[in-house]
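Reader: I would like a close look at one part of this model, and then its surroundings. Please keep it brisk.

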Amino acid sequence: MIHDSYTDAYIRDILVQYRVIAMVGASPNASRPSYFAMKYLLAKGFQVIPVNPGHAGKTILDQKVFATLGDIDQPVEIVDIFRNSEVALPVTRDAIEIGAKVVWMQLGVRNDEAAALAEAAGLKVVMNRCPKIEYGRLSGEISWAGVNSGVLSSKRPILGAKGGQQRALRSDKV
Amino acid sequence: MYEERKPGFNTLAIHAGAQPDPATGARVTPIYQTTSFVFDDVDHAAALFNLETFGNIYTRIMNPTQAVLEERLAALEGGTAALAVASGHAAQAIVFHTLLEPGDEFIAARQLYGGSINQFGQAFAKCGWTVKWADTTDAESFRAAVTPKTKAIFVESIANPGGIITDIAAISAVAKEASVPLIVDNTLATPYLMRPVEHGADIIVHSLTKFLGGHGNSIGGAIVDCGTFDWMGSGRYASLSSPSPSYHGIRLAETFGNFAFAIACRVLGLRDLGPAISPFNAFLILTGIETLPLRMQRHCDNAFQVATWLVAHDKVAWVNYAGLVENPYHRLAKRYCPDGAGAVFTFGLKGGYDAGIGLVSNVKLFSHLANIGDTRSLIIHPASTTHRQLSDEHRERAGAGPEVVRLSIGLENVDDIIADLDQALAAV
């Protein structure tokens with residue numbers, strides 16, 4: 001498929017269908033964007049497994065860190081790549097190897113060769129997007145910050161499981 | 001699939017940002033008239049203060065009614081995000097507070113709203129920010145004013161009160177050469193007539209008080225982030241690319257990507273300087289925006305007819321409306337705002353200063369006041385009011401000489417507007 005843009009339905013279905021994310025390049029530094037994204041996705045009920053060889057065996061946000069995707073001792077659905085575009089290729093090979101369903105490359109990360117490999121192996125691919133921003137955009141939460149979500153709807157937003165301000169996603173297919 | 005349609009401008013003007021209220025189902029955006037918002041728990045509170053999640057804390061920084069207005073404006077301008085504030089002047093103060101440090105310079109067109117000339121030249125000087133004036137009709141004059149201290153370029157898309165259409169693309173080229181953001185005040189055009197992002201603007205500011213609100217009932221301002229400037233690549237804008245001391249060392253441009261400027265304006269400028277918009281004003285302006293496309297076209301159509309009538313009047317020396325074929329800015333108007341050249345323009349009276357005073361005294365339908373962009377037709381004599389504080393030289397350069405009268409054409413029957421000018425001119 002063409003990866004210059006994605007339909008909202010494509011992104012929404014991925015975020016509704018899959019709940020286990022391995023975050024390659026997760027950082028224990030609380031000022032890093034990967035830390036922000038991991039904390040947000042945990043709060044939305046995703047299981048997020050940090051992958052960072054420099055911190056293997058330690059924890060980030062109370063989650064055990066693994067050195068490589070191959071070391072993870074449970075099934076992984078989404079591999080979220082917080083590394084540069086070049087490294088995305090070997091990481092994608094690992095993602096295919098462990099049976100992941102989606103390869104997701106962060107904002108600014110794009111590798112079309114990796115995308116073609118993943119798609120040939122039956123995986124879905126998202127590039128140059130952040131799952132935190134996409135979740136916030138499609139749920140309407142990011143609109144609290146005056147961000148142009150691109151979403152028009154005459155339906156009520158879906159409230160999250162707790163609190164008055166948190167919102168959730170629902171598939172179009174229900 | 002329906003959701004993948006790209007909605008048109010009229011649809012965005014009504015729907016962008018405004019889903020039904022999730023708690024009550026209210027279809028019109030409610031007025032959230034509250035100072036503060038309860039936290040779900042201590043973790044949620046901490047995450048909000050750390051900017052780790054999206055949500056509301058305190059109406060000085062954000063409010064759900066204001067947020068709908070912001071998303072609507074961002075959508076209409078084709079930007080990534082927006083921030084609504086107490087006034088157009090507050091928007092400008094926050095933009096420059098975010099971009100500049102003491103000792104920095106910026107270049108501004110000298111053909112600006114008189115209040116902006118005061119703000120840039122007087123108030124900003126106290127912050128150590130130096131404005132260098134250039135000629136909005138001459139992109140080379142901006143190029144000549146660039147120095148190593150230049151941090152931004154500022155123009156009005158349609159200059160107030162002179163009726164000049166700015167060649168935004170030509171000045172954007174200068175900004176790109178200098179690697180500084182181009183800020184465009186799009187108040188007189190509104191995104192209905194012109195979208196500066198399509199011509200190279202990086203930041204757009206508005207006085208919402210004018211055509212966007214449109215009914216003369218609320219003061220408001222806005223900043224739109226076009227998402228086009230590479231703050232991390234530049235490294236010259238510390239508020240965006242340096243570790244933020246008030247947010248645990250995060251770099252806003254790294255964390256928030258292509259809407260980081262709007263976030264920086266909110267969580268630094270608005271948080272610390274404080275000019276928040278009231279939820280009620282945000283509501284009134286939102287309601288106004290729903291009819292912006294209809295109103296703006298009628299404003300322009302009426303203005304064209306009034307300008308055409310004035311040209312033929314024997315007491316009128318000249319009419320500066322870019323919608324007229326003979327106007328020197330008509331070519332730029334055709335290129336930048338083909339649906340209309342706005343509804344604010346000036347004309348000169350052969351009788352000079354005294355005739356100007358006489359005309360504003362004689363009108364019966366026009367209101368003599370210092371605003372533009374109302375449903376009502378408005379008139380003012382800039383030399384004795386809005387531009388009174390400027391030197392003679394600045395007045396002339398701003399298009400506000402002694403014989404000049406400025407009109408903001410409203411939505412009344414155009415025959416009634418012309419009849420009022422006819423009777424008022426007869427007596428000067």
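Which exposed residues does the face of helix 4 of chain A turned away from its buried side carry?

Author: This is a predicted model. The face of helix 4 of chain A turned away from its buried side carries Glu113(A) and Ala120(A), which are exposed.

Now the other side. Helix 4 of chain A spans residues 112–120, and its buried residues are Ala114(A), Ala115(A) and Ala118(A). Viewed down the axis of helix 4 of chain A, these buried residues fall within an arc of 100 degrees, so they line one face of the helix. An α-helix has 3.6 residues a turn, so residues three or four places apart point the same way.

What does that buried side meet? The buried residues of helix 4 of chain A pack against helix 3 (88–97), strand 6 (102–105) and strand 7 (124–126) of chain A. After helix 4 of chain A comes Gly122(A), with a positive phi near 90 degrees.

Val103(A) shows the packing from the other direction.

The largest nonpolar core has 195 residues. Val103(A) is among those with the most contacts inside it, along with Val79(A), Val85(B), Ile153(B), Ala222(B) and Ile223(B). Helix 12 of chain B gives the most to this core, with eight residues.

Next, the contact between the chains. Chain B puts 41 residues into it, and chain A puts in 33 residues. On the side of chain B that touches chain A, at least two residues each come from helix 2 (42–49), helix 3 (64–77), strand 1 (81–85), helix 11 (252–256) and helix 12 (260–273) of chain B. Helix 3 of chain B gives the most to that side, with five residues. By type, the residues on this side of chain B are 20 nonpolar, 14 polar and seven charged.

Strand 1 of chain B brings us to the sheet. Seven strands of chain B form an open sheet with mixed pairing, in the order 1-7-6-5-4-2-3. Strand 1 and strand 3 (130–134) of chain B are the edge strands, and each pairs on one side only. From one strand to the next, the twist averages 20 degrees.

Look inside the sheet. Strand 5 (residues 182–185) and strand 6 (residues 203–207) of chain B run parallel and are joined by three bridges. Asp185(B) has Val205(B) as its bridge partner in strand 6 of chain B. Helix 7 (residues 168–178) of chain B packs on the sheet, where it touches strand 4 (150–156) and strand 5 of chain B. The direction of helix 7 makes about 175 degrees with that of strand 4 of chain B.

Two loop residues remain. Most residues other than glycine have a negative phi. Leu51(B) is not a glycine, yet its phi is positive, about 65 degrees. Leu51(B) sits in the loop between helix 2 and helix 3 of chain B. It has 19 C-beta neighbours inside 10 Å, so it counts as partly exposed; buried would take 20 or more.

His248(B) is not a glycine either, and has a positive phi of about 55 degrees. Its place is the loop between helix 10 (238–241) and helix 11 of chain B. With 14 other C-beta atoms within 10 Å, His248(B) is partly exposed.

Key. Residues numbered from 1 in each chain as written. Chains lettered and ligands numbered in written order. Predicted model: local features only at pLDDT ≥ 70, side-chain atom pairs only at ≥ 80, totals over all residues. Contact = placed C-beta atoms within 7 Å. Helix = DSSP H or I, 4+ residues; strand = E, 2+ residues; numbered from the N terminus. Nonpolar A, V, L, I, M, F, W, Y, C, P; charged D, E, K, R; others polar. Core = buried A, V, L, I, M, F, W, Y, C linked by C-beta atoms within 7 Å. Buried ≥ 20, exposed ≤ 12 C-beta atoms within 10 Å, placed from the backbone. Arc of directions from axis to C-beta. Pairing = 2+ DSSP bridges. Axes fitted to C-alpha atoms, helices over the stretch in contact; angles between N-to-C directions.
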